[in-house]
Amino acid sequence: MPQEKIANRQLFFILFMIRCNIAVAFLPVLTTADAYQDAWLSSIVQFFPAALLLLFFGGLGSRFPDLTLAQYSERLLGRWPGKVLTLAILWAFLHMAAVEVRIYADMLVTVFLPDTPLLFLITAMVIVAAAAAHSGIEVIGRAADLLFPIYLLMIVGSLLLPLPLLKVMFYNLEPVLARGFGPVFRGAVTPMAVIVQFLTLTMLIPSLNQPKRGLRTSLAALAGASTILIFIAVVTTAILGPSPGARALFPFFKMVRVVALSEFVERLEALSVFAWGLGLFIEVAAYLFCGARGLSQVFGLEDYRSLILPMAAIWITMGVHVSQNAFQLLTFFKPAFFAPYALALIVIPFTALWAAYLLRKFFRRRSGEL
Amino acid sequence: MLDWLKDRLGLSQRTASRNEEKDLSGFLREAAGEKFTGKLESDLKKIDAAGGSSYDISLRRFWAGNLPGALIYFEGLTDKRATEEIIRTLVIESKKIGVALKKGKGLETAREKLLTADELIEVDNVAGLFAELSRGGAAVFFDGSAGALICDTRKPKLRAISEPENETTLRGPRDGFIENLRVNTSLIRLRLPIPQLWMKKMTLGRLSNTEVVLIYIKGLAREKLIREVHSRLQQVDIDAILGSGYLEDYIVDSPNTLFPLTYRTERPDKVTAALLEGRAVVLVAGTPFALIVPTELNMLMQAPDDYFELFPIGVFIRLLRYAALIISLILPGVYVGIVTFHPELLPTPLFLRIISTREGVPFPVVAEMLILELIFEILREAGLRLPPAIGPAISIVGALILGDAAISAGLVSPGVVIVVALTAIAGFSTPSFALSTAIRLLRFIFTIAGATFGLFGVQFALLLTVIHLCSLRSFGVPYLSPFAPLILSDLKDSLITVWWWGMQARPKLIGGREPLRQPLGQKPQPGQDPEEDEGS
């Protein structure tokens, strides 16, 4: 069977939605720290460390364009250490996916379906993702192609709707930098750490049409999503006000909700929830695909598809039990906890990998092999 | 005479008893192996036995000079004048012009010097003979010649070429395919008078020997596609093909789908347009429906009129049609979901209105919706089966009595009736019947999903549909292209259309061999103003 390939454009769409969805979900620049009206500055600031981290862990992929993380880690570190390291990264996929599904389900239960058990919603979402992952990365890529324009249209639409109100609400963004740069940086910490989502790139690079350009594509996705993030931050802060916005559970959603253009055009939040759902679907399908594929390579299985069902089951359980309630989830994303956790997941494994890579290269050159 | 009769009776009795033990496959084997011997009487007996002295077999004996001969044909399939002409030539003209038919050389002489039919085929066995006779040939036998000469005497029974009822257009051509394969190929040939329009004939169906023609433009259609279609067609082994729908089931990429993976059309202009894009077309004898492969969803949403109308109107209509497709898919589900789970999403006056009309209705809204949808489907099916004269009756019963009485009796709420009606009308705007059928079925699933999880359920069903559509392929071409995978240059003929001079490229995945349709830069310019010329 020829290996399924996706275009770099499709990777861009997938990563864009993954990145953007966090902002749609709980807008970490605003809610996780005390940036308040300077949240939009945090959105700009977070791009740079996030891009550096991305270059750090994505750079290895460009050196092994035909291998996934699971494969080159074994090659670099040896069999068992490589497997252990891969498992740690796969854990990150599983955890992030469970958390994000959970946030979405929490929102639905809170706002739309108060009587529906959380389990059903999580199961439904995971089933869809599992179906997509089972169909393969090509199908996920095509679904991203199809859904991305709709997704973007709805997000941009949700941001444009409050424009008539924005002029009045602009004082909510003032004063700029009243408390110096400290809060701005604190607000940027969690968004920067959320780059842990982009670890999916390390599993997707060999599936790309142009693997060498994979890193560039993901940087573009990061930049694009950050741009959207700035706008979301500005509009949300302006409409909701800095401190109510920071206290809100789902700020973007709440912002769309308070907007009423006229007597008849109100309650447009269904659109933003739909966009969120579309993004989550792509995101979760990509996580599940990468997770199952990585796991199959760790265990040396031929086909990743047999792993999808058990993984989906584990995942549903995780989604239900990952936290008691939405507030606890938000605590998880507080910089003090999330940043060390995510950074550990990125920095430790990839420092080891880079060290191994450079040492090997060094010794090989010395022994004249290269 | 008596001896002959006795012999004949005895023989037929014997064959009858022998025939009773034989099954169809035995007959077929025997007929294929049964060669003609050259003895006229025994050959004719063989034919008679194989054909069971069927009512419509005509046997005409004659003497061409001293040589006994026979002419066999099927009554009704042949042109009376043509068969008479054959006998006249063999019996009378041969004497006039002094060509003698000798025993053992009868067929050769007749073929080379006498018969003028434009198609002369020689067959040497019973099976081949019947195949040719069924096509409207007449077989000439001569004593002493082992074989038969088939003259083309067919009398085509043709329905007039008329506008296809299922695919009407306002400004397009009005001709449609009919059941006759030759006429159908001629309709395409007339539109594309180039040698590169290749038509490959195959005979499929063990018993029906149906002629199937694979048409493509050599050098434009991808060779891989042609090979694939050809091999898939070759693999079909079935007793009879009575319509292109039979073949469709064999040649599609995936049987597990509601969506049509081939495009069926009765319109020659549509087929020609598909050929020009680099697609392949399968025509089947005996059916007016051509199959176009590969097919994408986008193609099913294109109606002929889009290309004949002015461009902005085409864009508007295309967008409208896609919107109608979405409406007919999700509207019942969304309505059920909103009324059941999220009434707060509606503006208050609208919500109150809906609730007040629902007062006293004994069913939950989802039951109402499903029942009404089902009734509508039944009405539609009944309308399809009824003779046209009683057609209006069903609409009176359906629309007036059922709809109106159900509302005034308080059994269903008007809102649901409106939604069902709107959905039905939106469904009718899909150009492809096959696609609208798929949507009709999916609609029930969406309604149930909406009733279970509200709008989230609709989204769930929608995502599953998207996954399914994304994983479909038609002869290797992704079903959702050019949307997914996104091919920007092909979007010119998808959600929108552009001017004809803007349609420069063929679809990339299909017509990539010869990407350009026309030279660039044909945008019309305003002509010179004659008066200005004079003035200057």
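1. Domains of chain B. In this predicted model, the domain assignment divides chain B into domain 1 (2-152), domain 2 (181-295) and domain 3 (307-478). The C-alpha centres of domain 1 of chain B and domain 3 of chain B are 62 Å apart.

2. Overall form of chain B. The secondary structure of chain B consists of 20 helices and twelve strands. Chain B has a radius of gyration of 31 Å, whereas a compact globule of 536 residues would have one near 24 Å. Taken along its principal axes, the C-alpha trace of chain B spans about 100 × 80 × 40 Å. Of its 536 residues, 38% count as buried. Where contacts in chain B join residues at least 6 apart in sequence, 66% of them link residues at least 24 apart.

3. Cis peptide bonds in chain B. Two proline sites deserve a look. The peptide bond from B:S481 to B:P482 is cis, and its omega is near 5°. The bond from B:A484 to B:P485 is likewise cis, with omega near 0°. B:P482 sits in the loop between strand 12 (477-478) and helix 20 (530-535) of chain B, and B:P485 is also placed in the loop between strand 12 and helix 20 of chain B.

4. Positive phi at B:N209. The phi angle of B:N209 is near 45°, a positive value in a residue other than glycine. B:N209 belongs to the loop that runs between strand 6 (197-204) and strand 7 (210-217) of chain B. Is B:N209 buried, exposed or partly exposed? It counts as partly exposed, because it has 16 C-beta neighbours inside 10 Å, and a residue needs 20 or more to be buried and 12 or fewer to be exposed.

5. Positive phi at B:F475. B:F475 is not a glycine either, yet its phi is positive, at about 50°. This residue is in the loop between strand 11 (473-474) and strand 12 of chain B. B:F475 is buried, since 21 other C-beta atoms lie within 10 Å and the cut-off is 20 or more.

6. Overall form of chain A. Chain A has 18 helices and zero strands. The radius of gyration of chain A is 21 Å, close to the 21 Å that the globule rule gives for 370 residues, so chain A is as compact as a globular protein of that length. The box that holds its C-alpha atoms, taken along the principal axes, is roughly 70 × 45 × 35 Å. Of the 370 residues of chain A, 54% count as buried. For contacts in chain A between residues at least 6 apart in sequence, 82% join residues at least 24 apart.

7. Confidence in chain A. The mean pLDDT of chain A is 87, and 96% of the residues score at least 70. Which helix of chain A has the lowest confidence, and which the highest? Helix 9 (residues 163-169) of chain A is lowest, with a mean of 70, and helix 7 of chain A is highest, at 93.

8. Contact between chains A and B. The contact draws 26 residues from chain A and 23 residues from chain B. On the side of chain A that touches chain B, helix 7 (118-135), helix 8 (137-160) and helix 15 (269-299) of chain A each contribute at least two residues. By class, the residues on that side of chain A are 17 nonpolar, three polar and six charged.

9. Helix packing in chain A. Helix 15 of chain A also meets helix 5 (residues 69-77) of chain A: their axes come within 8 Å and cross at roughly 35°. On the helix 5 side the contact is made by A:L69, A:A70 and A:Q71, and on the helix 15 side by A:G294, A:Q297 and A:V298. This contact has three nonpolar, three polar and no charged residues.

10. A:F327. This phenylalanine lies in helix 17 (residues 326-332) of chain A. A:F327 counts as exposed because it has 11 C-beta neighbours inside 10 Å, where the limit is 12 or fewer. A:F327 and A:A7 are separated by 320 residues in sequence and by 38 Å in space, C-alpha to C-alpha.

Technical notes:
Residues numbered from 1 in each chain as written. Chains lettered and ligands numbered in written order. Predicted model: local features only at pLDDT ≥ 70, side-chain atom pairs only at ≥ 80, totals over all residues. Helix = DSSP H or I, 4+ residues; strand = E, 2+ residues; numbered from the N terminus. Contact = placed C-beta atoms within 7 Å. Nonpolar A, V, L, I, M, F, W, Y, C, P; charged D, E, K, R; others polar. Axes fitted to C-alpha atoms, helices over the stretch in contact; angles between N-to-C directions. pLDDT = per-residue confidence, 0-100. Domains from an automatic or database assignment. Rg over C-alpha atoms; globule rule 2.2 N^0.38 Å.
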